[in-house]
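Please consult the sequence and the coordinates alongside the points below.

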Amino acid sequence: MSNVTLKVNGLAHTVDVDPATPLLYVLRNDLGLQGPRFGCGLGQCGACTVIINGTAVRSCVTPVSTVRSEITTLEGLAQNGTLHPLQQAWIDEQAPQCGFCQNGQIMTAKALLDKNPNPTDAQIRDGMSRTLCRCMTFYRVQAAIKRVVNKGVA
Amino acid sequence: MRPFSTVPAFIEALLDARTEQPSRRHFLKTSGMLVVSAGVASVAGPFASDAAAQAAGPYPDINFRQLDSWIVIHQDNTATFYVGKTDCGQGTGTAFRQMMADELDIAYASTTCIMGNTDITVDQGGSGASDAIQVDAWPMRRVAAEARRVLLEMASTRFGVPTAQLTVANAIVTVTADPTKRVTYGDLIGGRRFNVALTGNNINATTGVAKVKAVQDLKIVGQSPQRYDIPAKVDGTLKWAVDVRLPGMVHARNVKPPVAGAQLVSIDESSVRSLPGFVRVVSKGNYVAVICEREEQAITAARQLKATWRKPATAPFPASEDLFTYMRATTPTSSQDPEVIGDPGTAMAGAAKVVEASYEIPFQGHTAIGPAHALADPSNGQMTIYSNDMKSYGLRDGVAEFLGMPRDKVRVVWMEGPQGYGRTAADDAGFEAAYLARELGRPVRMQWMRSEETAWDSKGPAFTVSMRGGLDAQGNLVALEYDARAADYCHLGYNEAETVLISQLMGTRRNPVAPGSSATPSNMYAIPHTRTSTHVVSLPLVWETPLRTGNLRDPNGPQSTFAAESFIDEMAVAAGADAVQFRLKLLTGTTEDDGGFKRVRSIAAIKAAAATFGWDTRPSPKPLGRGPILTGRGIAYAFRGQTVVAVIAEVEVNRTTGRVWVKRLTCGHDCGLVINPEGLKHTVEGGMQYALSRTLKEEVTFDTEKVTSVDWVTHPTLTHMDAPERIDVVIVNGDPNPNRPDLPHYGAGEASGKPTLAAVANAIFDATGVRLRRVPFRDARVLAALRAAGV
Ligand code: FES
Ligand code: FES
């Protein structure tokens, strides 16, 4: 075990864990940030996605000691009580079914739009292709992303 | 007043998250009762006198024959509904609120709905069979109507006028002749009990004296309020079953047999004893779990534990590539008496043209996006299980039996979770957590790993279906034979103490073994001579196998319909007929119908789908295109219960790669009275796309020792790349008397997937002239079929 300091959603935290611990378990179990979820632990599904340095990162395969920059989780997207446009679009589009995967859908979409605010439909499909959903909400998730793209508010 | 301070912070947060208006939290806090939509400090029934005593149990069944068990009116003129159902992400909670609010005459926004906690909501069984709206909503409507009746009586007494001279809207009762005389529901009864007895032999029959409203008088039903659960699911505030953390809890991971049917010989505990956070290895029979203080420690320890296993003497199953050969050759464990209409033998012998085909559907799994999990707390000599199991009441009953505890000492707090479309491994994880919690005397969180979920969750049975059809000289389908074999012996029930995996691994053998079942087509075609037969077959290994079968979203429906509706298409092709016209002819060939008007509603659904799609009437296949992309369209239709769906798929087949893209889906969907049209459309879209995954991607693979599809690489699933470009859901009301005041509401959770497999297969044939009879249609299989046919 050793002390690791993380900055998450604007706040610094120090935790005493094995440095090899996947970031996911530290976020969920030590910091109570449970937006990111365990889906596979293999980097295959995206349920555990957080954003680091503007990139969607799979926290289940990221050792906590390797994180140097600030982490944004789903809980950190809203600003001053206002939902991020993507979150609002998700509600407007009624995108989720069970909703379990939607952390990954939203966070991956955010990183995608932050890099490319005007993706084509094909770029949206491609950018989201490794973020899985077993309720198959893909059609609505893509529609929700397009709502934001079309409004130009991302 | 009971202060809310006894409620853990996360429950408070949960209530906030569920709140759509600021007043909601307030009324929950000030209504003199403790309301918990999912959480630790739930109380016995809607009314609690002492939450602390309640937390210690016991947890008797909630009396469904008391109005107070279902509805509480608060002083601020809002209402909470308590229903014994669970919402698997299709918005049934929102629909229940709409229906109950409508009957009660209260604004939708002034209501909340508490679901599926065994100690505070009546036992409506949780979810299953797509019957939430079709069956369970009826007692909800009736009790809400009864509450309205009782409130009107109270107002009548207060104002001294007969109820007929009162008007009620938005939870305010007014004297019709003198609108200054008004009283709110909250003023009449807020925070107090109705103390009104209900009747009914069983919970589905629960009723008061009042009658439900005529469809024409429903105002909230038919609107599309947004699902109340979604905001907290997108802002990260919802606490799911997977999120519960309790003081003193530990983390458990299973160690599964490396080979199906292996016997545990020994465990070398020294292989993990010195690992940080190690707590205990628990094993009994072939069940093994490792428990550690921290989650990542448990994962490491479970991986490192050295255990010696003895392989079974004979192979547990054939390899998946030999599965269908095995299934056709083996002697069935049971065969149903064939259902025979007319004289199919003679008719077939006299047919001008006979077509034969057989279809194959492999084992397919639930493989939830979040592997199975549960947290069990053995405090106070009770057992509290936090679970997303869609049948929370069954989990309570099963765990009580398994642990030998009185039923009223066990409760299940239902919380949301990853998709629960049938008998998932959530059942298994709940039992495991409870067993380990009792062994350790501490709260234990069980979490399956991805490979465990994908390999060991329960499976939808594999099917082989042989079909034969005969056309007369005019191209009429005069004889049809359907013969199905399902690998479904020892089918799992829900939450059975004798068949959950931990029980099997500990050596329990249910006697008699569940026979399993096959399935017959659900269509309403009028065919004069038919023979329909079904069989169940068994794999060599019956117990402790990863190929355990259990209900998977519309159990057996997708399999039987894939065969039946593909074959109808083959007969249409043989007759040189258009696929829609051929079906309509079979449906108009008789005037027989049933109470659900299934035949006429079938016709309406097919016609609606065809019209919206813009179906071009012609025989299949299309003349073969020239470019690399071949396009085509296909239709299929089916019933799930009383709900009828017709699905049309448009596909693009890439002849150089074999990739199939379902570019467009159209669904004609008749589930009777629609409660929430937008919610319905989303559910239907999800159902069809889920079926696309089963059509195009999913297959459980195995060698002769173990399942080899264990993650999202070896077990592919539909992705964003595969999403259709356009989906149309046409809501159809094909009832012969569409404006009848008692138009029933049928289920919608599963129906739309049922015909989708065949619709895609039929579309691929239309595009390529190649008939695919083996699911899934992965690129390599499609490409091989195209090559073999010279396409
Ligand atoms: S849980 Fe991290 S990618 Fe699946
Ligand atoms: S919404 Fe259920 S897994 Fe994506």
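Contact here means heavy atoms within 4.5 Å. On that criterion, 61 residues of chain B are in contact with 49 residues of chain A. The model is predicted, and the values below are computed from it.

**Interface of chain B and chain A**

- Chain B and chain A bury about 4800 Å² between them, and 56% of this area lies on carbon and sulfur atoms.
- B:Val234, B:Ile369 and B:His720 supply 18% of the area that chain B buries against chain A, more than any other three residues.
- The rule for polar contacts finds 31 residue pairs across this interface, both members at pLDDT 80 or more.
- On the chain B side, α7 (230-234), α8 (295-304), α18 (677-696) and β27 (726-731) each supply at least two residues that touch chain A.
- Of the elements of chain B, α18(B) gives the most to this side, with eight residues.
- By class, the side of chain B that touches chain A comprises 23 nonpolar, 20 polar and 18 charged residues.

**Salt bridges between the chains**

- Four salt bridges are counted between chain B and chain A.
- One of the pairs is A:Arg140 with B:Glu685, whose side chains meet at 2.6 Å, N to O.
- The side chains of A:Asp30 and B:Arg294 also meet in a salt bridge, at 2.7 Å, N to O.
- This pair crosses from helix α1 (residues 23-30) of chain A, which holds A:Asp30, to the loop between β10 (287-292) and α8 of chain B, which holds B:Arg294.
- A:Asp30 is partly exposed, with a relative accessible area of 33%, whereas B:Arg294 is buried at 15%.

**Salt bridges within chain B**

- Over all chains, the count comes to 62 salt bridges.
- B:Glu295 and B:Arg445 meet through their side chains in a salt bridge of 3.2 Å, N to O.
- B:Glu295 lies in helix α8 and B:Arg445 in strand β19 (residues 444-447), so the pair ties together parts of chain B that are 150 residues apart in sequence.
- B:Glu295 is buried, with a relative accessible area of 2%, and B:Arg445 is likewise buried, at 2%.
- A salt bridge of 3.5 Å, N to O, joins the side chains of B:Lys697 and B:Asp722.
- Both B:Lys697 and B:Asp722 lie in the loop between α18 and β27 of chain B, 25 residues apart.
- B:Lys697 counts as buried at 18% relative accessibility, and B:Asp722 is buried at 4%.
- Salt bridges that share partners join B:Glu565, B:Asp569, B:Glu570, B:Arg583, B:Arg771 and B:Arg773 into one network.

**Helix α11 of chain B**

- Helix α11 (residues 392-403) has twelve residues and reaches 16 Å from its first C-alpha to its last, close to the 16 Å expected.
- Nine of the twelve residues are buried, so α11(B) is largely enclosed by the rest of the structure.
- Among the buried residues of α11(B) are B:Tyr393, B:Arg396 and B:Phe402.
- Their cover includes β2 (79-83), β17 (383-387), β18 (410-414), α12 (426-440) and α14 (501-505) of chain B.
- Just after α11(B), B:Gly404 takes a positive phi of about 65°.

- B:Asp554 lies in the loop between β23 (529-537) and α15 (557-574) of chain B, and is buried with a relative accessible area of 1%.
- Beyond its neighbours within four places in sequence, B:Asp554 is in contact with B:Arg640, B:Glu750 and B:Lys754.
- The end C-alpha atoms of α15(B) are 25 Å apart, which agrees with the 26 Å that its 18 residues should span.
- α15(B) is mostly covered, with 17 of its 18 residues buried.
- B:Gly576, which follows α15(B), has a positive phi, near 70°.

Technical notes:
Residues are numbered from 1 along each chain as its sequence is written. Chains are lettered from A and ligands numbered from 1 in the order in which they are written. Side-chain values use heavy atoms; hydrogens and water are left out. Helices (H or I, at least four residues) and strands (E, at least two) are DSSP runs, numbered from the N terminus. The expected span of a helix is 1.5 Å times one less than its number of residues. Buried means under 20% relative accessible area, exposed over 50%, partly exposed in between (1.4 Å probe, protein chains only). Buried area is the accessible area (1.4 Å probe) that two parts lose on being put together, summed over both. A polar contact is a pair of N or O atoms within 3.5 Å; within protein, one must be able to donate a hydrogen and the other to accept it, and residues adjacent in sequence count only if both atoms are side-chain atoms. Ala, Val, Leu, Ile, Met, Phe, Trp, Tyr, Cys and Pro count as nonpolar, Asp, Glu, Lys and Arg as charged, and the others, Gly among them, as polar.
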